[in-house]
Amino acid sequence: MPRRQPPGHTVKKHMDTPRRVRFFEAFERKGERTARDIFKDFDIHPSTGYKLLHDRERYGDLADRREKFRKQKQQMRGTRQGPKPKSSDEQLHVPETTVISNTQEAPIVHGISVTPLTQCAHWHSPLDIIAIKHFCCQKFYACISCHDACESHMSFVWPLARRDESAVLCGQCKHILTISEYMESGSKCTRCASAFNPGCKNHWALYFELSKEL
């Protein structure tokens with residue numbers, strides 16, 4: 001049974017899309033007519049008419065509104081799904097590498113026929129790449145034989161209490177190891193990992209004061 005309306009009540013027509021288009025077209029060419037005249041022609045309340053005009057000004061025509069709503073939904077959907085995945089370039093992280101140059105500034109190494117890697121006329125295998133600063137004259141020599149050939153004084157060893165002295169030069173990267181660092185290195189540079197001659201351990205007593213356990 002249809003619902004009865006109170007006396008004097010008029011049923012407002014639904015503003016479907018074609019009717020809204022005609023309403024907007026009439027409003028655009030209204031000329032000297034007032035907005036209320038057009039509202040009356042389309043049998044709509046002024047508040048409804050002004051709301052339609054406001055929505056059109058804010059959101060544009062129907063096609064424009066649909067496009068805006070579609071983009072808004074996509075943005076909301078992307079927010080719920082989390083941040084945008086990183087590109088392959090962003091995901092691939094390449095750590096920085098440190099290049100050690102042979103031309104790095106280093107102390108002068110004395111001796112006979114000394115090479116850039118600190119090899120000399122007495123010791124020149126690929127592993128003979130250290131020079132030791134002597135306690136007596138504070139000069140780096142490629143080996144004890146070079147020191148004795150070039151100096152007029154006797155060589156003195158580093159005291160046991162001075163193991164923290166930087167006295168062993170790596171000929172490869174020019175890093176200067178402390179005496180303790182060198183003795184505990186396992187015959188390799190603690191910076192560039194270049195291998196040292198393990199046989200040098202047999203000559204440590206010529207350069208360093210050794211503890212009883214050594």
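Which residue does the side chain of Lys139 meet in a salt bridge? The partner is Glu151, with N and O 3.1 Å apart.

1. Basis of the note. The model is predicted, so that local features need pLDDT of at least 70 and side-chain atom pairs count only at pLDDT 80 or more, while totals for chains, interfaces and linings use all residues. Residues are numbered from 1 along each chain as its sequence is written, and side-chain values use heavy atoms, with hydrogens and water left out.

2. The sheet. Five strands form an open sheet with mixed pairing, in the order β1-β3-β2-β4-β5. At its edges lie β1 (109-110) and β5 (176-178), each of which pairs on one side only. Helices (H or I, at least four residues) and strands (E, at least two) are DSSP runs, numbered from the N terminus; two strands pair if DSSP finds at least two bridges between them.

3. The β2 and β3 pair. Strand β2 (residues 130-133) runs antiparallel to strand β3 (residues 140-141), and two bridges link them. Lys133 has Phe140 in β3 as its bridge partner.

4. Salt bridges in the whole structure. The search finds four of them, a salt bridge being a side-chain nitrogen of Lys or Arg within 4 Å of a carboxyl oxygen of Asp or Glu.

5. Lys139 and Glu151. Lys139 is partly exposed at 32% relative accessible area, whereas Glu151 is buried at 17%. Here buried means under 20% relative accessible area, exposed over 50%, and partly exposed in between (1.4 Å probe, protein chains only).

6. Lys133 and Glu165. The closest N and O atoms of this salt bridge are 3.7 Å apart. Glu165 lies in the loop between α6 (144-150) and β4 (166-170) and Lys133 in strand β2; the pair therefore ties together parts that are 32 residues apart in sequence. Lys133 is buried, with a relative accessible area of 13%.

7. Arg33 and Asp41. The side chains of these two residues also meet in a salt bridge, at 2.3 Å from N to O. Arg33 counts as partly exposed at 39% relative accessibility, and Asp41 counts as partly exposed at 48%.
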